[in-house]
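Please open the model in a viewer and keep the selection panel at hand.

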Amino acid sequence: MRRNTGYIGRFAPSPSGPLHFGSLVAATASFLDARHHHGKWLLRMEDLDPAREPPEAAGQILAALELHGLHWDGPVLFQSRRLDAYADALKTLEIQQRLFACTCSRQQIQADGGVYDGRCRFRKLSHAGAALRVRVEDTVITFDDRIQGSQSQSLERDCGDFVLLRKDGLFAYQLAVVVDDAEQGITDIVRGSDLLDSTARQKFLQGLLQLPAPRYAHVPVAVNARGQKLSKQHFARPLDLAQVVPSLLLALDFLGQRPEPALISGSAQEVLLWGAEHWDIQAVPKLANIRLDDIA
Ligand SMILES: [Zn+2]
């Protein structure tokens, strides 16, 4: 029944805590879009920052996904095992003379309005103990988001040269995500709109590294009654694993889909089958229109 349409999607959580409703929404959206297109759905654990990742979290996330019927294709890609690939990408950018060392603090940049002005570009600092930034250009990056519509961003004006290797020696999210989306052959990225603002940086890196450009769809981010994104920082509760079907139905509601009420007495598998068949990305709202007082 599944045709191979070439669609490859993914869910890429960072294991900073157990799965909460906000991450279930992103997982469900990317899963349903992939299955609706008879595509593959891959899983990637973005575990590059061990200090922020309790050792049990990755296993908890995988178990929670399984329990919700969100079964992924192929092996899980762990970013912590991909450091050589990120180092290779940095090497490529270094050969292009795109990188420079920077010792500016976050506070300095915030005091200057939050956009890095490139002041270290010509300082020829040594790499030791410094961050590595990539030099951006004064061009506008545009793309058509399948949910959020037409987007454009000038990296120079809105963001500035950005960090690819942190002062503490960790590879930055922006670099790793681009290298791994290419490695996994991802054609379609469906993720939370808190990452919409990162997309121009990622497209810029894809261009420099000559990697394919995936399509993007940014789903609304779940917020609590105070309008804060659900995250561990804002004390989003882990999902109640005894309430799998109600959670999935709430995620579908949140995504603007209209699940049949009778599904409440079905299994997770049945909810997802219905969801994949009826998935309508046009119905996904740009902004959250459900606030989750009871979950956050
Ligand atoms: Zn600097």
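This is a predicted model: local features need pLDDT of at least 70, side-chain atom pairs count only at pLDDT 80 or more; totals for chains, interfaces and linings use all residues.

Residues are numbered from 1 along each chain as its sequence is written. Helices (H or I, at least four residues) and strands (E, at least two) are DSSP runs, numbered from the N terminus.

Select β1 (8-11), β2 (40-45) and β3 (77-78). These 3 strands form an open sheet in the order β1-β2-β3, with parallel pairing; two strands pair if DSSP finds at least two bridges between them. β1 and β3 are the edge strands, each with a single partner, so one side of each has no neighbour in the sheet. Between β1 and β2 there are 4 bridges, and Ile8 has Lys40 in β2 as its bridge partner.

Axes are lines fitted to C-alpha atoms, for helices over the stretch in contact, and angles run from 0 to 180 degrees between N-to-C directions.

On the α1 side the contact is made by Phe21, Leu24, Val25 and Thr28, and on the α8 side by Ser247, Leu248, Ala251 and Phe254; residues are in contact if their C-beta atoms, placed from the backbone, lie within 7 Å. By class, this contact has 6 nonpolar, 2 polar and no charged residues. Here Ala, Val, Leu, Ile, Met, Phe, Trp, Tyr, Cys and Pro count as nonpolar, Asp, Glu, Lys and Arg as charged, and the others, Gly among them, as polar.

Which residues of α9 (residues 268-278) are buried? They are Val271, Leu272, Trp274 and Gly275. A residue is buried if 20 or more other C-beta atoms lie within 10 Å of its own, exposed if 12 or fewer, and partly exposed in between, with C-beta atoms placed from the backbone.

Now select β4 (99-102), β5 (residues 131-134) and β8 (162-165). They form an open sheet of 3 strands in the order β4-β5-β8, with antiparallel pairing. The twist averages 45° from one strand to the next. β4 and β5 pair over 4 bridges, and Leu99 stands opposite Val134 in β5. α3 (83-95) lies across β4, β5 and β8, at about 105° to β4.

**A mostly covered helix**

Select α6 (residues 173-183), where 8 of its 11 residues are buried. Among the buried residues are Tyr173, Leu175, Asp180 and Asp181. Their cover includes β2, α3, β8 and α7 (199-208). Gly185, which follows α6, has a positive phi near 70°.

**Two loop residues**

Finish at Gln97, in the loop between α3 and β4, and at Gln210, in the loop between α7 and β10 (215-219). Phi of Gln97 is positive, near 55°, and phi of Gln210 is also near 55°. Gln97 is exposed, with 8 other C-beta atoms within 10 Å.

Terms used: Two residues are in contact if their C-beta atoms, placed from the backbone, lie within 7 Å.
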